[in-house]
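Student: I've got this one open on my screen. Can you walk me through it?

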Amino acid sequence: MKDKKQYDVIIIGGGPAGTTCATMLSREGHEVLLLEKYKFPRFHIGESITAFGANAFKKLGIYGELKQIGYVKKKGAEFIFQEKSYSAYFNKSFQNESDELPWAFQMARSKLDLLLLENARKSGATILEQHVVKRVLFNGERAIGIEYKDLSKDAINPPLQYAYAKWIVDASGQAGMINKQVENNCYNDFLLNKKLAIFNHWEGDFEITNTDEDVNFKFCIHENRRDWAWYIPIDKNIVSIGVVLSEESIKNRTEGLEGVFYKYAEQLPFISDFLKNPTLKPIDKFRSARDYSYRCKQYYGDGWVLVGDSAGFIDPIFSTGLQIAFSSAFMLVDALHEVLSQKSPNYSKLKAYNRNVNKLYKINSMFVYLYYLSGLEFEKLWSISHMWKYLKWSGLKYPVLFFWYALQIRIASKKQARIWGDEVLFGIIKSQNPLANLLLALSENYERLQNRRAKNVISRNQFLEMEV
Ligand SMILES: Cc1cc2nc3c(=O)[nH]c(=O)nc-3n(C[C@H](O)[C@H](O)[C@H](O)COP(=O)(O)OP(=O)(O)OC[C@H]3O[C@@H](n4cnc5c(N)ncnc54)[C@H](O)[C@@H]3O)c2cc1C
């Protein structure tokens, strides 16, 4: 540990967002300190990585290594309804022509996050595991450092220590360290609130095959068309399964986590058939996450920045958490590098970061909301009755624009519509994407209407205190 404890950047949290920032900023020659409260490897949910992940891993220089340790390929998803099923593969248009068909990884986050952390260390960042940040130090409005404890030697009563930096990056995930101190910055996503996910890993006597035809990611949809489950093999004989329940289903629960899990798992034929294998054992305890959709008003302030889940999170239905964490971390590195490299800093890239991240969350959240609204069927998204609903939300403020975007989507070829859809999902949004523009317009107008009624718009801290 350095004596001077003064850095260019201090990063709170060693998840994918934090380690991406640490690796890339260190490579640019900045002095980086990253503190992570756990000793890695540690459990984390979020094992399915979209094809965009491959580009992030290439930039970070770990793609080759991941290919060695990542046994299960993710080539797309199989959507399993009670009465039908179909598979969708990643879109080739995102890759160079010479690349193999796009695929990504499904693997335990304990492995992935460890590799990312070691990569950051190799890049020159100072990484302190089992170091928990207690609070961010402010001088007036300006974030100047952190107060932390080293749990590695004395986990019971370690002394408080201090470190200082020009910029504090909050990558603490759903813990949202800075949002605990900057009041009313983080608010729940009123479109997607009140959900509960219950999950575990199972190991047993079965073998995941990994041929070109296998789509190992299964998305299982409940007959009520609100609840769903993921089935994500993460190794040869290990599968991650989680059920995601809507507000209506949560309300009626009487059992504990495990009981609720099995109750819903039994109602999903693919999952219940799989779980009948007598050799299967849950590896871990049953865990849960709830009310996890939120975003912020400001993604940076004086001396502080939010990235990854600490900035926002959209329902995990499209497995976009990691890809948003990576893509926003790359954007942030670009902006911070510019600010740190100039004598009189120009904040234009940070402002662009703020704008783009905000846009990404709004577009994604509206897409996910419409998908839930359509009973988890993509084909129904653009039905006339749904279009009518969207038009009402558009508030008639921009009806011509709304019709223009909607018309472009309706008359587009299936292939083009798929590219626009994938761009939205993968967070690679080009300004001429009418789907992204439509979703953004709907989101902004819907938010305006909600704000006017002052209904449902409450801070995340308040929201988490409420009984579900
Ligand atoms: C139910 C569920 C299912 C999901 N499934 C998927 C999926 O299939 N695919 C996908 O891409 N995403 C998924 N996600 C989302 C994904 O897990 C996150 O988006 C991703 O982990 C975000 O990365 P991050 O680096 O921002 O935060 P994290 O990965 O959460 O990392 C934050 C780190 O900060 C550390 N930390 C926290 N507080 C402190 C502190 N005070 N001091 C020091 N360290 C601290 C934590 O220990 C942690 O290691 C899912 C999320 C949920 C809730």
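Tutor: Start with Y262. Y262 is partly exposed, at 27% relative accessible area. Buried means under 20%, exposed over 50%, and partly exposed is in between, with a 1.4 Å probe and protein chains only.

Student: Before we go on, what kind of model is this?

Tutor: This is a predicted model, where local features need pLDDT of at least 70, side-chain atom pairs count only at pLDDT 80 or more, and totals for chains, interfaces and linings use all residues. Residues are numbered from 1 along each chain as its sequence is written, and side-chain values use heavy atoms, with hydrogens and water left out.

Student: Okay. And F286, buried or exposed?

Tutor: F286 has 13% relative accessibility, so it counts as buried.

Student: Let's do aromatics. How many aromatic pairs are there?

Tutor: The whole structure has 26 aromatic pairs. Rings of Phe, Tyr and Trp (its six-membered ring) pair if their centres lie within 6.5 Å. Planes under 30 degrees apart are stacked, over 60 edge-to-face, and the rest tilted. F199 and W230 are a tilted pair, 5.8 Å centre to centre, with 35 degrees between the planes.

Student: Where do F199 and W230 sit?

Tutor: F199 is in strand β12, and W230 is in strand β14 (residues 228–235). They are 31 residues apart, so the pair links distant parts of the chain. Helices (H or I, at least four residues) and strands (E, at least two) are DSSP runs, numbered from the N terminus. Both F199 and W230 are buried.

Student: Back to Y262 and F286. What sort of pair do they form?

Tutor: Y262 and F286 pair edge-to-face, at 5.7 Å centre to centre and 65 degrees between the planes. Y262 lies in helix α7 (residues 257–266), and F286 in the loop between β16 (281–282) and β17 (287–290), so the pair ties together parts that are 24 residues apart in sequence.

Student: Which residues form the aromatic cluster?

Tutor: F79, F81, Y86, F199, F219, W228, W230, F318, F367, Y371 and F378 form one aromatic cluster. F199 and W230, the tilted pair, are among them.

Student: Now the ligand. How many residues surround the ligand, and which are closest?

Tutor: 38 residues surround the ligand. A residue is near a molecule if one of its heavy atoms lies within 4 Å of it. The closest are E36, R42, H44, S48 and D309.

Student: What does E36 do there, in distance terms?

Tutor: An N or O atom in the side chain of E36 is 2.7 Å from an oxygen atom of the ligand. A polar contact is a pair of N or O atoms within 3.5 Å. Within protein, one must be able to donate a hydrogen and the other to accept it, and residues adjacent in sequence count only if both atoms are side-chain atoms. A17 has a backbone N or O atom 2.9 Å from a ligand oxygen atom. For L322, a backbone N or O atom lies 2.8 Å from an oxygen atom of the ligand.

Student: How much of the ligand does the protein bury?

Tutor: Taken alone, the ligand exposes 1000 Å², and the protein buries 96% of that. Accessible areas come from the Shrake-Rupley method with a 1.4 Å probe; for residues, only the protein chains shown count as cover.

Student: Which elements give two or more residues to the shell?

Tutor: They are α1 (16–27), β8 (131–139), β12 (196–203) and α9 (321–341).

Student: Why does the ligand lie between domains?

Tutor: Domain 1 (6–71 + 107–184 + 293–357) and domain 2 (196–290) both give residues to its shell, so the ligand lies between them. The bounds come from an automatic or database domain assignment.

Student: New topic. What contacts does the D150 side chain make?

Tutor: A 2.5 Å polar contact joins the side chains of D150 and S152. The D150 side chain also makes a polar contact with the side chain of K153, at 3.2 Å. D150 is in strand β9 (residues 142–150). At 10% relative accessibility, D150 is buried.

Student: And D8, what does its side chain reach?

Tutor: The D8 side chain reaches the backbone nitrogen of E31 at 2.8 Å. D8 sits in strand β1 (residues 6–12) and counts as buried, at 14% relative accessibility.

Student: Last one. Where is there a cis peptide bond?

Tutor: A cis peptide bond joins F40 and P41, with omega about 0 degrees. P41 is in the loop between β2 (32–35) and α2 (52–60).
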